[in-house]
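Me: I have a model open and want to learn how to read it. Can we go feature by feature?

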Amino acid sequence: MPERIRHAPLGNKKVKQPNAEVHIITDQCKGCGFCIKFCPKKVLEESQEINARGVHPPKILDESKCIICSFCTAVCPDFAIFVVEKPCKEERHIKHD
Amino acid sequence: MSEKQESKPQNGGEEIRIGVYVCHCGLNIAGSVDCDEVAKFAATLPNVVLAKDNRYTCSDQGQEIMKSDIREQKLNRVVVASCSPRLHESTFRKACEEAGLNKYLFEMANIREHCSWVHLHDREAATEKAKDLVKMAVAKVALLQPAEEVEVPINRKTLVIGGGVAGIQASLDLADTGYKVYLVEKEPSIGGMMARIDKTFPTMDCSICILAPKMSDVLHHPNIELLTNSEVVEVKGYVGNFQAKVLKKPRYVTKDCSACNDCTEVCPIIAPNEFDVGLDIRHAIYTPFAQAVPSTYTIDMNLCLNKDNVIVCDKCIKACERQAINFEMKPENVELEIGTIIVAIGADVFDPSVLPNYGYGRHTNVITSLEFERLINAGGPSGGHLIRPSDMQVPKRVAFVQCVGSRTDRNGRLYCSNVCCMNTIKDSLLIKEHWPETEIYVFYVDIRAHGKGFEDLYKRARKEGVKFIRGLPAKILEDKKTHNLWLIGENTLQKELYKMNVDMAVLSIGLEPRRNSEIVQRLLTLSRTQDGFFMEAHPKLRPVDAATGGMFFAGCAEAPKDIKDSVTQASAAAARAGILMAKGKVTVEAITPISYPEKCKACGLCTKVCPYNAITLDKELQQIKIVEAACGGCGTCAAECPFGALTQSHFTDEQILAQIDAVTEYDSEKKIVAFCCNWCAYAGADFAGVNRMQYPPNVRIIRTMCSGRVAPKFVERAFARGASVVLVAGCHPGDCHYINANNHTKDRVERLWKKMEQSGLDKERLQLLWASAAEGERFASKIREIQTIIKRVTPEEIHKAKRVFEKALEGV
């Protein structure tokens, strides 16, 4: 539908917000950068620190953007990253009544 | 498609007996043309055995006179000088047939649209022009040959483009009659604009409640094949035998979907829902609204994380119990064979953010009427609670601003959008129904309550306390703290300024042609009016037919209209399409090429220019072969042939040259010889006539089916006979009714320009104009513009051109 959208959504709908906790096992990382490259929400970036294997492991840029697709776990050759869902906070619920 | 005709130019034996009828058309023609004098002049022309003038030639009486003359005076050719052949050629052709004369032995001189109406104040010049036009018609008619039309079977299937209420109604009507219908909709669900509206005026019916059963009927009707998420990408063929290609985009969800909504709950992607104009959210996997048909969900690949077959996120796949999600779906090309097409693409709404004074997009509480519909709708983002966006509170004072984007020559459209007045009145009553304390102000220019039951609704709104204030606000200002709005303007009835404080303002936005209507126009070779809506074949008598045979309009594609009118027009379009298909066959005009094999050198140029690939070259036999059934009748092949081995039936070289010679017999140095294509330029000149656009009377129009028929030798002949200026006019590039035949027009004119330059001639004397059927003013102003060229063309220049092109005078 071609109308241009000018107003922000009113936010009345309940949306379950993914509540992710990203774990990086830094010393297991060999710095291939796959997780950074393939993360669809760009949650990760390369850090400045140097790990036991002498490379820069990834660091978390913005955890709240993570949607727990776990694609990083799937592409990591060294099993150095995984995501868990934190016990649920409250649902985003701004319904007016 | 005609019977093979004699290859000889003219039959020697038969005596040619022409009857000429000059029509007064009441005072339409007689008001500025001396018809009696024209008839007397016609009687002096060669082969004319009788010439009469009468009040209305098209009346029963007028036709009877013509018919009895054909029988008694043994007329074998007839000329009627009256209106445009686009209007009454078929009427007179039928009369000729009834009197036993082949209908291809009839010719019209257009002395109304092209003469009396455009030269209202110059009786002498208009009469002279009418004489010339009659002379041209007489010259052509003498050379006409009888022809038989071939009947082609019609495919009894219809393609309906657009699944709004108009498309739905047209599909259901045709399907109920028993014809197969393909309904193509580009969105994932049918329903269109009507599905988004809360209530309908004037009866206040719930919109989706009356539409949803129809949508479901469409889905379950055995004669309807519904193609959603699909677009028509190519249409070929002609009336009764179209071939359409439809691109069916993948939904990535199969028919097994039970619309349980489990997938959207897990989908992590959130975006504004277009259906709710962004006031609500949706996920990458979604259904636009609860009553969507088909109810199968769709994945929006612009949002989904799984691109190019890489499954990054599999949440929906895991959530779907019925395993209905399939990321490997591919776009499909569906090829359809159809007989008729109904265009029901609807309209878009005006975007008021181009009007800075109303602050739409900047002031949170300024919304459009479409957003209001979603807010007041129980299925909408606020569950039917009227809230204002800034604080989600119920507004106490609401203003409606009318004519936003309509009836204005600045930042908007010139026309009235037809629905906004009643829509606002309906909306104000909806607010009053639920929140009677709300103060409502409607700022208007005129309230147009023209339909059945509309005035009653307007009265009811006033009775309920809705205040109508004449005078649009000049500006809407926002209080930064409270987000309340100030409307400042002038009450033109009381001649005083107002400054009104309201909680929310609703802009009553107008309707616009679809932004993709240009694509549809090119796809189907339709015409559009200056407003941008599609143009009907005749505004009064054929209001749902397109000028192109076998195509019809329904709904807002043709002009803004409300639901009732859209449904009415849709049923009309279905009936018109049904009439064509019920006959089962259609006759195709006998205007196909005629070849003279003895002149053919088998160079193959004609095969290259034919837009329909209807001519093939047999290299071994050194012959061309014409597939008449595939021919569209543009005549480009005849114009291209350098050896005169091809000509077009009913528009032969001799006939057109005879017309040119008739124009240039006297005073040629003051005249413009214009070649106009039937569909755009000639129709545009007709349009100029209908709208009484005045232009100088020295132009003489020769009609060809396509500007591609204009052979260089026609232009050369006109110059060789001393014409001052030659105008070649056709459809805009890309709008050609014969696919791309007018590209060759451009090439030929450019070659002629080059030749003229090399010979030291003023190349401005050959003019090329692209004008659509709606661009009457463009045509008229071109003729005015050409006058300055005529003034500067000297007798020496005319002589020089005569010498340069003298070869063109040889033979025919």
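Me: How does α5(B) pass α17(B), in a left-handed or a right-handed crossing?

Reply: A crossing is left-handed if the near helix is turned anticlockwise from the far one by less than a right angle, and right-handed if clockwise. Here α5(B) passes α17(B) in a right-handed crossing. This is a predicted model, where local features need pLDDT of at least 70 and side-chain atom pairs pLDDT 80 or more, while totals for chains, interfaces and linings use all residues. Residues are numbered from 1 along each chain as its sequence is written, chains are lettered from A and ligands numbered from 1 in the order written.

Me: At what angle do the axes of the two helices, α5 and α17 of chain B, cross?

Reply: Axes are lines fitted to C-alpha atoms, for helices over the stretch in contact, and angles run from 0 to 180 degrees between N-to-C directions. Helices (H or I, at least four residues) and strands (E, at least two) are DSSP runs, numbered from the N terminus. The axes of α5 (residues 123-141) and α17 (residues 653-663) of chain B cross at roughly 150 degrees and come within 8 Å. α5(B) and α17(B) are therefore roughly antiparallel (angles over 145 degrees).

Me: Which residues of α5(B) and α17(B) make the contact?

Reply: Contact means C-beta atoms, placed from the backbone, within 7 Å. α5(B) gives Asp132(B), Lys135(B), Met136(B), Ala139(B) and Lys140(B). From α17(B) come Gln655(B), Ala658(B), Gln659(B), Asp661(B), Ala662(B) and Val663(B). By class, the residues of this contact are 5 nonpolar, 2 polar and 4 charged. Ala, Val, Leu, Ile, Met, Phe, Trp, Tyr, Cys and Pro count as nonpolar, Asp, Glu, Lys and Arg as charged, and the others, Gly among them, as polar.

Me: What is the strand order in the open sheet of 3 strands in chain B?

Reply: Strands of a sheet pair through backbone hydrogen bonds, either parallel or antiparallel. Two strands pair if DSSP finds at least two bridges between them. The order is β24-β25-β26 (chain B), with antiparallel pairing. β24 (473-478) and β26 (496-502) of chain B are the edge strands, each pairing on one side only. Between β25 (residues 485-491) and β26 of chain B there are 7 bridges. Ile488(B) has Lys499(B) as its bridge partner in β26(B).

Me: Where is the peptide bond from Phe201(B) to Pro202(B), and is it cis or trans?

Reply: Most residues other than glycine have a negative phi, and most peptide bonds are trans. The bond from Phe201(B) to Pro202(B) is cis, with omega near 0 degrees. Pro202(B) lies in the loop between β8 (199-200) and β9 (205-206) of chain B.

Definitions and conventions. Parallel < 35°, antiparallel > 145°, perpendicular 65-115°, else oblique. Contact = placed C-beta atoms within 7 Å.
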